[in-house]
Amino acid sequence: MTVAGLESDLFVVSPEVEEALRSGTAVVALESTIISHGLPRPENLRVATEVEDIVRSRGAIPATIAILDGRVRIGLDEGALDQVAHRDDIVKVSTRDLATLTALGGSGATTVAATSHLAQRAGITVFATGGLGGVHREARDSWDESADLTALSTTPITVVCAGVKSILDVQATLERLETLNVGILGFGTQQFPGFYLSDSGYTVGWSVDSVEAVSDIMLARTRLGVSAALVVAYPLPTDAQLDPDLHHEVLEEGLRRAAARNVTGKDVTPFLLDHFHRATHGASLMVNEQIIVRNAELAARIAVMHATRTRAPEAGG
Ligand code: PSU
Ligand code: MN
């Protein structure tokens, strides 16, 4: 059996994801840019595996999404995950690149924008990532705003993240998310998280404390026909965050270097994340790992709760 509407010459859905979608078992979509471009080797594969494991341990099926040799892969086996982590021809893929890359037979790792699109195409409603893309500092001159924002404005999916990357202009990003009708819920907090930092300094309009409440809101959004995404903002505890002074110092240096080397476009985010990993001697990497694992765990709990409530009753049962 195949997932409804997904043609098998273009989509390869892993058997366990296919079975989960068919039976109404909880599935959590996971992005792959974080593996190929967001984390250094060899830690990237270890973290990707750890993230899948935590999703499973909470009773959901992980569906890491990527493009391999022209086909969309929804759910990666060990070999495919290894390819995303280690192949040198894996490009960073946003929504606009999807058709071009698949038609040309290329391989790539999907951003939040592209992953959201493909997840919703496959009928997956919950997605976990680290931090969203957003409006870059200096955007007044560079016009650099992540396509994650516009993608989320048109994709009805629930995204668990630790806010937006702290390398961004958080205030401007929050304004754009409001304009774009993207819902934001603080999970257990009134403060919008700052990715490496527990608190970005900005508050959220709504806060919930339970996965039941998130599921209630997801159900209401479906019934109301709200077609934008819901962001569940989940901060690290303060004792796990990156030291704020170190963060400030490393970010200033990274922005200076990016400007000096004329880094632009889709290279900016990987450049800055890599700078953080080097300049903090791995401290930011540890923080990043914790962020992703925690987000995946919460996403799995939300997905399990939501699946229980929305699963069609068994025929004849
Ligand atoms: N956050 C991370 N690591 C990452 C990214 C975000 O901690 O690698 C990736 C995500 O895939 C996100 C993308 O969608 O960066 C945004 O890139 P850009 O700013 O070029 O839109
Ligand atoms: Mn950009």
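Residues are numbered from 1 along each chain as its sequence is written, and chains are lettered from A and ligands numbered from 1 in the order in which they are written. In this predicted model, local features need pLDDT of at least 70, side-chain atom pairs count only at pLDDT 80 or more, and totals for chains, interfaces and linings use all residues, while side-chain values use heavy atoms, with hydrogens and water left out.

I begin with the ligand. Around ligand 1 there are 17 residues, of which Glu31, Lys92, Ser146, Asp148 and Thr269 come nearest; a residue counts as near if one of its heavy atoms lies within 4 Å.

Which atoms lie 2.7 Å apart at Lys92? They are a polar side-chain atom of Lys92 and an oxygen atom of ligand 1. A polar backbone atom of Val112 is 2.8 Å from an oxygen atom of the ligand, and for a polar side-chain atom of Lys165 the distance to a ligand oxygen is 3.2 Å.

The shell around ligand 1 divides into four nonpolar, eight polar and five charged residues. Here Ala, Val, Leu, Ile, Met, Phe, Trp, Tyr, Cys and Pro count as nonpolar, Asp, Glu, Lys and Arg as charged, and the others, Gly among them, as polar.

I turn now to the aromatic rings. The whole structure has three aromatic pairs, that is, rings of Phe, Tyr and Trp (its six-membered ring) with centres within 6.5 Å; planes under 30 degrees apart count as stacked, over 60 as edge-to-face and the rest as tilted. One of them, Phe187 with Tyr234, is edge-to-face, at 5.6 Å centre to centre and 85° between the planes.

Terms used
Polar contact = N/O pair within 3.5 Å; in protein donor to acceptor, adjacent residues only side chain to side chain.
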